[in-house]
2 protein chains.
Amino acid sequence: MNDRRWIYPVALPIPGLENNTADVDRLCASLQRHLGRGQLAVPLALIKRAPHLLRQWGYQAKCVVFRDRETYRLTGMLAPDHPSPPGIAVDLGTSRVVVRMIDLETLKTMAETSFDNPQITIGPDVLARIHHGEKGDAVNDCHRLIISALNDCIRSLSHSCGIDHQDICLAAISGNTTMTHFLLGLETRWIIREPYIPAVNCPGLIDAAELGLEIHPAGGVYIFPSIGSYFGGDLIAGILYSGLHEAEDTAILVDVGTNAEVVLGNRHWLMACAGAAGPALEGGVTKMGMMASPGVIDRIVIDPQNGAFQIATIEKQPAVGICGSGLIDLAAQLFQAGMIDMRGKLVPSKCGDRYGSDGGVPHVVVATADQTRHAEKIVVTQIDIDSLIRSKAAMYTILETLTATVEMTPMDLHRFFVGGTFGSFIRPESAISIGMLPNLPRDHYVSLGNSSLEGASKILREPACFDDIESIRERITYLELNVNQDFMNRFSAAKFIPHTNPALFQYRTGNPA
Amino acid sequence: MNDRRWIYPVALPIPGLENNTADVDRLCASLQRHLGRGQLAVPLALIKRAPHLLRQWGYQAKCVVFRDRETYRLTGMLAPDHPSPPGIAVDLGTSRVVVRMIDLETLKTMAETSFDNPQITIGPDVLARIHHGEKGDAVNDCHRLIISALNDCIRSLSHSCGIDHQDICLAAISGNTTMTHFLLGLETRWIIREPYIPAVNCPGLIDAAELGLEIHPAGGVYIFPSIGSYFGGDLIAGILYSGLHEAEDTAILVDVGTNAEVVLGNRHWLMACAGAAGPALEGGVTKMGMMASPGVIDRIVIDPQNGAFQIATIEKQPAVGICGSGLIDLAAQLFQAGMIDMRGKLVPSKCGDRYGSDGGVPHVVVATADQTRHAEKIVVTQIDIDSLIRSKAAMYTILETLTATVEMTPMDLHRFFVGGTFGSFIRPESAISIGMLPNLPRDHYVSLGNSSLEGASKILREPACFDDIESIRERITYLELNVNQDFMNRFSAAKFIPHTNPALFQYRTGNPA
């Protein structure tokens, strides 16, 4: 399998009266000698260009070939001396989109950039965007926005690498099911309605031109497959990157982005569930805070002696808000300082002058006006804390429920992968101390960074991995939480800090590392 | 193989929480049970429509599936109660295009129509059109003309059948290599230049939408493959229709349309050559006359006693011109009456008042002014006759040369298929008497009619035949006449009427049957 690659240099026999088969047939014959058994399809866009290009290049070329099981598809032809035949890996996030350009020959990263998903102008979350699409003829607004933004991004990324964006022959895109649907211009209304049916789980390789993506005219766009409406290709990419599907020991992968998605398993089996399908997480994790960016509070230490707050912001800029990992730190520190009780309720007497109330809603001041960019204090309300408590309870309950289905507990895990935007920043110590994550030894936790992007990059770098994707999909058993009887009972117990059974979460003193 | 078909009715399990895979994946799973092994691709256009259609139709549909070896492609979805899922067969002729609509379930012809190839406005023949395409940005003029005319035709044909043209899910198109290139919008300049390289011989199944053909949005257009620049898909379709490739006895197929193409063979091997590749046929057969249409002279009898001409026109209309088969009749009758000699030269003394001369070019009056629509006499000049002699010589020489390569002679053939526009009207007796066709018993000749159209229709009616196409292509050995030493020698001998060896062509007395 290691001889799998994307780029095949070909040198065709020069045509003559004794050898006058057609250009494209000659090209296919040359390629087929490298590829072996299997059908090779050449898109019309490439049939149109091949005669000119082959003559221009002296009947030599670098061909980009996409293989899917027994079939091959030519997704591009580049000059025989093209130094860096590029492919792009895309993490198509609900909030943020990351695009990485990879040299398909050297397998090195050529450039990387990211941008806010422009669909945010339509709605902050998946639900709002889907509802928008149901109005009149707005179903394609989200599609047009993301395609146009991707084109802008790809063009500028190409420019920075000194290549022509039309030389990009292959893209691998991973995103959640709704993002994938918007990308493809598919109807999303049924994703959010029982029984939660996507239009497609396995779109496979799509013509870039048909999609409107301005790369090579014959370019192919591989869309990571999803398992269902609430378990998308981003997590399949994450599993691929983590190697969960190849290990003998059972491990878990938790991906907390817009939703919380969890996969438990090993090389023999995989069990999965998704938070948004559970009744408790609706609007949960999504409200935990803003995206990590300069000025966002991502660490908080509260002195248990004098109640003094010490905040750290990203890039040490004046504070502008708080992100998910900052909120978890805050909750852990507030609890440790006695400023919130086991139910997560603010204790005014302990909060001192950090306590306030606005319209009957209590809050705690996290950053004073002199610490912020906009010179207004930043507060976290009781509502935010309640939301966090529900989210952390849901997360732990998912872990408990999922492990219980295979007669394990969260404490039995020897490897705990944390992926997703949120996962990159979370500090396990804090998450453990509020009962969100199990109290495993610190070195059992592995932060994957942007596992969706890394998974998409992995198939560009190791084309043989492509076969793993289908086998991962086939092995996954999906657990529907909203038809699970035990879930709500466990959830009630997990809504305390750290839990009704605090022995599960041995409290760690000292500052977060 | 007989269970191969285009239409698969499916009834999907209704989605529910316990069975909530995606619409398209559910559809594929249902289809795959019918199809067995092999990959099934669903075009994006259909992924977009499937969720709505499946719900509208209660999760039932008639699916149109195109199979190519180990792969399948869904080319359309129709309502489960759609009475006549239509496909179209197209003979894409240089002069005339014929379109036939076939019910893919009952396999019956629903309607048929034809129209002049609108590329005639650009040039009467392949050469003129290719040259036009080389000017500036005119390369796509021919493409746009034919696509637009096909769309008009398909729309009106659909209307006459009471169906929606967007319900046509499959088209099978056969044409010569240049016509196929124009249809696909491919560069044609290299087709006519040594070493005569087409852009593609086997384009396979093309997306109708990509082509601009306004049938079902996911519709597929199968293009019959060619062997080379001068041996097109129309002849492959003709071979398929004739059954030449399945017979134990060696037979020949002669297709005289714009070019003369000949295939010799049986179920074990096939030898082919094309007239336009031979030096003698250049501009030959093409100039033999006008297309058969009302008023065209297609039969001539000359009384050898008194030299009286008796002409017959198509639909008995006043004469407007003469077609190829009429010219052959004329030459046969002129020779029998002594009005031309063995070299094909007009003999003034024998022609009497039918003889004339204009600008030094002798001619014979075929129809007097009172017999014609435009009240002007119709003449055939010495130049026309010389051209016919070259064409008939080339035809016979091709037959001789081709049979000689397998150590046979034209007289050894037990089955002689005549296809193409011209072949439909030719009378073997006349063609034999001028030495154009070998003197085989009359019942050895089989007129195929429009063999290109019939071949295209055949794969719609018998999808299992699809596999034969590739095996026909693989078995064909193509003989290049312009590198053949014996050709010119044989050609010189064949330029006499009937031949330098008249014993080969026992003269048949009496009127043509």
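Please keep in mind that the model is predicted. Chain B can be laid on chain A by a turn of 180 degrees and a shift of 0.0 Å along the axis, with an RMSD of 0.1 Å. That is the relation of a two-fold axis.

**Where the chains meet**
- Contacts link 40 residues of chain B with 39 residues of chain A.
- On the chain B side, helix H1 (23-35) and helix H2 (44-56) are the elements that give two or more residues.
- H2(B) supplies the largest share, six residues.
- By residue type, the chain B side divides into 21 nonpolar, nine polar and ten charged.
- The copies meet through the same surface, because 98% of the interface residues of chain B are also interface residues in chain A.

**A sheet in chain A and its helices**
- Four strands form an open sheet with mixed pairing, in the order E1-E3-E4-E2 (chain A).
- Strands E1 (7-11) and E2 (39-41) of chain A each have a single partner strand, so one side of each is left without a neighbour in the sheet.
- Neighbouring strands are turned by 40 degrees against each other on average, direction ignored.
- E2(A) and E4(A) (residues 71-78) run parallel and are joined by three bridges; here A:Gln39 stands opposite A:Thr71.
- Helix H1 (residues 23-35) of chain A packs on the sheet, touching E1, E2, E3 and E4 of chain A, and makes about 130 degrees with E1(A).
- Helix H2 (residues 44-56) of chain A lies across E3 and E4 of chain A, at about 45 degrees to E4(A).

**The nonpolar core**
- The largest nonpolar core has 302 residues, of which A:Ala171 and B:Ala171 touch the most other members.
- Beyond its neighbours within four places in sequence, B:Ala171 has contacts that include B:Ile88, B:Leu213 and B:Tyr222.

Conventions
Residues numbered from 1 in each chain as written. Chains lettered and ligands numbered in written order. Predicted model: local features only at pLDDT ≥ 70, side-chain atom pairs only at ≥ 80, totals over all residues. Core = buried A, V, L, I, M, F, W, Y, C linked by C-beta atoms within 7 Å. Buried ≥ 20, exposed ≤ 12 C-beta atoms within 10 Å, placed from the backbone. Contact = placed C-beta atoms within 7 Å. Least-squares fit on C-alpha atoms with pLDDT ≥ 70 in both. Nonpolar A, V, L, I, M, F, W, Y, C, P; charged D, E, K, R; others polar. Pairing = 2+ DSSP bridges. Axes fitted to C-alpha atoms, helices over the stretch in contact; angles between N-to-C directions.
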